[in-house]
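Colleague: Hi! Could you walk me through this one?
Modeller: Happy to, here it comes.

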Amino acid sequence: MNIHSVIANKISLAFSDAQSRGLLPEGNIPDGFLERPQKTGRGDFATTLPLKLARFMKMKPLDIAHILETSIDLKPELERIEIAEPGFINLFLNQNWLLSQVEMILNHGNKFGESTFGQNKRVQVEYVSVNPTGPIHVGHARGAVLGSALSSILRCAGYLVTEEYYINDAGNQMDLFYQCLYVRYMQSLGFAKEIPENGYQGEYLVTLGENISKEYGEKFSNLPEEEAVSAIGNIGLPLMIESIKSDLDRLGVEFDSWFSEKSLFENGHYKKTMEILKDNNYLLEREGAIWFESTRFGEDKDNVLVRTNGTPTYFASDAAYHYYKFKIAEYEKVTNIWGADHQGHVSRLKSVIAALGIDEAKLNVILSQMVTIRQSGDLVRASKRSGQLVTLTELLDDVGVDACRFFFLSRSPDSQMEFDLDLATKQSSDNPVYYVQYCHARIQSILRLTKLNNPVPIDLVIISRDPWVENPT
RNA sequence: GCGCUUGUAGCUCAAUUGGAUAGAGCGCAGCCCUGCGGAGGCUGAGGCUGUGGGUUCGAGUCCCGCCAAGCGCGCCA
């Protein structure tokens, strides 16, 4: 048990002890009563319990504080208690107990800080999940770093984590991608073809098209267009996925599972999902399409699941995917990390999950806000269609993995951020990454020097409770 | 128009989820140092927490209105 819980326990016991002695009236203890004061001198921990209880118990906070004080069992972790206006109880750790923690930490080595909080529950973190229609850019990279860090933390907290990438290898966007790749292939062989309007303009497709023509020659150019598009698509898709994989690998992000959207239609999950929705009477036929009645869950409008032409929408496969997550894979908790531009999708996904009979509280969606790149004072916008994007590869070439991960994690996912390339590459204390790396180098140096001499048994003494206290020289 | 997110020192961000005098780094001003693997050290100025109300012992944090920025509101994904 960590020290926070130990002390919270002590206070909780003191509370019920005072009640059983008739000093305090009956009632439950509120949540979040133990905190760490912002300033040293107010103790290592503080409780606001008297303030929180005052109104309900119709007593003065200071009176409650004094009653609790007499019931708190100090030993062995605590040294003393102080009561402060208007009703805080400040708790000070025992110095010998603090010293013993050094040994405990050393004994735990790299395992220090891990916990069994998650009780080996199976959870999934799904992130990145970029359409394999182009390379990963800076916005995706932010989600990638968040997901990978979150997964590590969950593992340390005792969860069994599956990190999954959802490959959108079905649907209109993929068809468009195949079409564009076909055009680039034909262009590389000298045929006059044009990228369709709203198509993918990026340079990477030119290269990919050239590579395919180099390896396979002209053999697809003689086929009927539809056949050629499909054949080239079959070659292009795995190449695209491989390139995404290797980009992420450079970023230190590795997935346990790559889940294919297409597979949902091959293994029956999609069919089953639609059956459940139908049986639960959430489906409507209207204007030749099949709709999910989202409005019954308070949504603004209903959503199409199957188009007039009979093909399922992205929303339909996402419903099936989440059916898979909860009903087939049986994860106890699922976290999706999405770009903020998917924000409107959250509530209707939750609705469809509820309609499938799944507790929507099991799904947590983290939205990561937009990233802009600043270089030499200028802002660079990321836009995929126009091909004007800063790719992950370019970012890593410029600033390296450490700075990349550090900066993405240094801001809340909720806030938009500017990634300052000049700052991230600066070798001065302006750059927090440089500062951290410098500290690490110095510490390693000290450790190396220590090993040169014969290590002596450590005699631990607390010189000062406050490391910044002035030295009396 | 409706919905989501954000708004804190000149800049980039914190603030233990409603607690005590809103804190750090950079920048700025002043003083000091000059062979540890120096990113020099110390001190200081700098704030009506976008804005107007409300809730209560207490609000940067919760509620309502307004202002500003970004995103979303497809039978695209």
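Colleague: Where does N281 lie?
Modeller: N281 sits in the loop between helix 10 and strand 8. Helices (H or I, at least four residues) and strands (E, at least two) are DSSP runs, numbered from the N terminus.
Colleague: And what phi does N281 have?
Modeller: A positive one, about 60°, although N281 is not a glycine. Most residues other than glycine have a negative phi, and most peptide bonds are trans.
Colleague: Before I go on, what kind of model is this, and how is it numbered?
Modeller: It is a predicted model, where local features need pLDDT of at least 70, side-chain atom pairs count only at pLDDT 80 or more, and totals for chains, interfaces and linings use all residues. Residues are numbered from 1 along each chain as its sequence is written, with chains lettered from A and ligands numbered from 1 in the order in which they are written.
Colleague: What is the mean pLDDT of chain A?
Modeller: The mean is 87, and 92% of the residues of chain A reach 70 or more. pLDDT is the predictor's confidence in each residue, from 0 to 100. The model also scores ipTM 0.86 and pTM 0.89.
Colleague: Where does pLDDT stay under 50?
Modeller: One stretch is residues 383-387, with 12 contacts beyond four places in sequence. Another is residues 466-473, with 2 such contacts. Two residues are in contact if their C-beta atoms, placed from the backbone, lie within 7 Å. Where pLDDT is low, the predicted coordinates should not be read in detail.
Colleague: Back to strand 8. Which strands form a sheet with it, and in what order?
Modeller: The order is 8-9-10, an open sheet of 3 strands with antiparallel pairing. Strand 8 (283-286) and strand 10 (303-306) are the edge strands, each pairing on one side only. The twist averages 45° from one strand to the next.
Colleague: How many bridges join strand 9 to strand 10?
Modeller: There are 3, with strand 9 covering residues 289-292. W291 has V304 in strand 10 as its bridge partner. Two strands count as paired if DSSP finds at least two bridges between them.
Colleague: What about helix 10, how does it cross helix 11?
Modeller: The axes of helix 10 (residues 269-279) and helix 11 (residues 314-328) come within 9 Å and cross at roughly 95°. Helix 10 is therefore roughly perpendicular to helix 11, a label for angles of 65 to 115 degrees, whereas those under 35 count as roughly parallel, over 145 as roughly antiparallel and the rest as oblique. Axes are lines fitted to C-alpha atoms, for helices over the stretch in contact, and angles run from 0 to 180 degrees between N-to-C directions.
Colleague: Which residues of helix 10 meet helix 11?
Modeller: H269, Y270, K272 and T273 do, facing a group in helix 11 that includes Y323 and Y324.
Colleague: Changing topic: is the peptide bond from K75 to P76 cis or trans?
Modeller: Cis, with omega near -5°. P76 is in the loop between helix 3 (61-71) and strand 3 (78-84). The bond from E85 to P86 is cis too, with omega near -5°, and P86 is in the loop between strand 3 and strand 4 (88-93).
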